[in-house]
Amino acid sequence: MDLDSGSKRVFQRLGGPVDPKNQKVCYHWRAGYCNRRPCPFLHRELPPPSSNVTPFKRTHGFVDDSSGFSDPRSRTNYTGSTWGRSHGGANSRTVRKPERVFKVCKYWVQGNCGYGEQCRYLHSWSLGEGFSMLTQLEGHQKVVSGIALPSGSNKLYSGSKDETVRVWDCQSGQCMRVINLGAEVGCMISEGPWVFVGMPNFVKAWNTETNTELSLSGPIGEVYAMVVGNGLLFAGTQDGSILAWTFNAATNCFEPAASLKGHTRGVVSLVVGANRLYSGSMDCTIRVWNLETLQCMQTLKEHTEVVMSVLCWDQFLLSCSLDKTIKVWVATERGNLEVTYTHNEEQGLLTLCGMHDSEAKPILLCSSNDNSVHLYDLPSFSERGKIFAKQEVRAIQMGPVGVFFTGDGTGQVKVWQWLPEPAAIAQ
């Protein structure tokens, strides 16, 4: 799993930034039929000049935090008309997807394709420039449902429907420990030194610094999603409830704090931003909760199928659904959320994850039920690339700078790295 030698860590960031003035967008990619592998030109639109880096909202520690999703009057970086369009002011154009459909060669997957480089299908698990796969972590026998990296640890944790959590050494890539839980892992997150594992009827909590292990009771049925915000751990459950616990330092345990009711079916996605909790559900709605009062402030009903994932970025809320859409929500002057842009796909969508590439440009990763992950530049939704898997990718997780992880239905965890963009040469 080391890059070049035993002294180099696999999660090491390679190279440095490239002067954007020397970059050029591939003409053939814009037309939808570039087949050069690798192509020396960019397969995405260039962003507008800016010195600002907009953070994606991640889970926070057991303290109050109001960053991420802000009042629309306080930020003016992007507008509703900016979404889904390439940059360039008056010359901007609506982004169109390439007409050609790329597929992974099934014979290459089996190791016996006789066409070699002449094969019309892909002999790679990814398509696009600026990122590459470092390695694969093998061991799980069923779908990977969660990936976590607790702070202060050099271990990667992965949870699976095979009823185990595997602990991987980040330097060697070796599995150091297999924890048999006796029940399927529905979700998994880390917060500080803590790792939380959602399982049927309870949540398991491990402190990786003190080796403390706790069990949090209360859930009824599966635990599909978890998030931390405003000093509380929230868990979305099969019966539609969102349970909350607070950590008592005196007794070194988590105590029940609240139960949020409103959803009529299972809660499968949670995110925290701007003193709000956002929950996506099998009842096809998103509910907005006040983190101080824990009261529901608004119910969003624009999706027509299960809301699989929610994400905060800048002053926007992003959501994806089995209805084949990604919706971008913005707060009005009154404070209510409304849809400012809808991105349509050909397949049901499963998981959203936001991160920045090697040049600090915002990228949205979105997995779909055709066993692929789309990579989009934001806010244009220009397609940056695509990741393929044998089965659906259910877990996407940011790692150390320049690294991210995907976990799929076969039990594979893949490690990916962002690469510096190559300088453009005359085309």
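Visitor: Which strands make up the open sheet of four strands, and in what order do they stand?
Guide: In this predicted model, the order is S15-S16-S17-S18, and the pairing is antiparallel.

Visitor: Which strands stand at the edges of that sheet?
Guide: The edges are taken by strand S15 (267-273) and strand S18 (296-300). Each has a single partner strand, so one side of each has no neighbour in the sheet. Neighbouring strands here are turned by 20° against each other on average, with direction ignored.

Visitor: How many bridges join strand S17 to S18?
Guide: Four bridges join S17 (residues 286-290) to S18, and the two run antiparallel.

Visitor: How do I read the two faces of a strand?
Guide: Side chains in a regular strand alternate between the two faces of the sheet. Now take strand S10 (residues 212-217) as the case. Its covered face holds Thr212, Leu214 and Leu216, while Glu213, Ser215 and Ser217 are on the uncovered one.

Visitor: What joins strand S9 to S10?
Guide: Six bridges do, between S10 and strand S9 (residues 202-207), and the strands run antiparallel. Ser215 of S10 is the bridge partner of Lys204. S9 and S10 form a hairpin with four residues between them. In the turn, Asn211 has a positive phi of about 65°.

Visitor: Which residues of the largest nonpolar core touch the most other members?
Guide: That core has 21 residues, and those touching the most other members are Trp83, Leu318, Ile326, Leu352, Leu364 and Phe381. The elements that give two or more residues to this core are strands S19 (307-313), S20 (316-321), S21 (325-331), S23 (349-356) and S24 (362-368).

Visitor: What is Ile326 in contact with, leaving aside its neighbours within four places in sequence?
Guide: Its contacts include Leu352, Leu364 and Phe381. Ser319, Cys320, Tyr341, Thr342, His343, Leu349 and Cys366 are also in contact with Ile326. Apart from this core lies another, of 19 residues, among them Phe131, Val373, Ala389 and Phe404.

Visitor: Where is the pLDDT below 50?
Guide: Start with the whole protein chain, which averages a pLDDT of 82, with 75% of the residues scoring at least 70. Over residues 48-53 the pLDDT is below 50, and this stretch has four contacts in the model beyond near neighbours in sequence. Residues 87-101 also stay under 50, and for them the model has 31 contacts beyond four places in sequence.

Technical notes. Residues numbered from 1 in each chain as written. Predicted model: local features only at pLDDT ≥ 70, side-chain atom pairs only at ≥ 80, totals over all residues. Heavy atoms only, no water. pLDDT = per-residue confidence, 0-100. Contact = heavy atoms within 4.5 Å. Core = buried A, V, L, I, M, F, W, Y, C linked by side-chain atoms within 4.5 Å. Buried < 20%, exposed > 50% of the residue type's maximum accessible area, 1.4 Å probe, protein only. Pairing = 2+ DSSP bridges. Axes fitted to C-alpha atoms, helices over the stretch in contact; angles between N-to-C directions.
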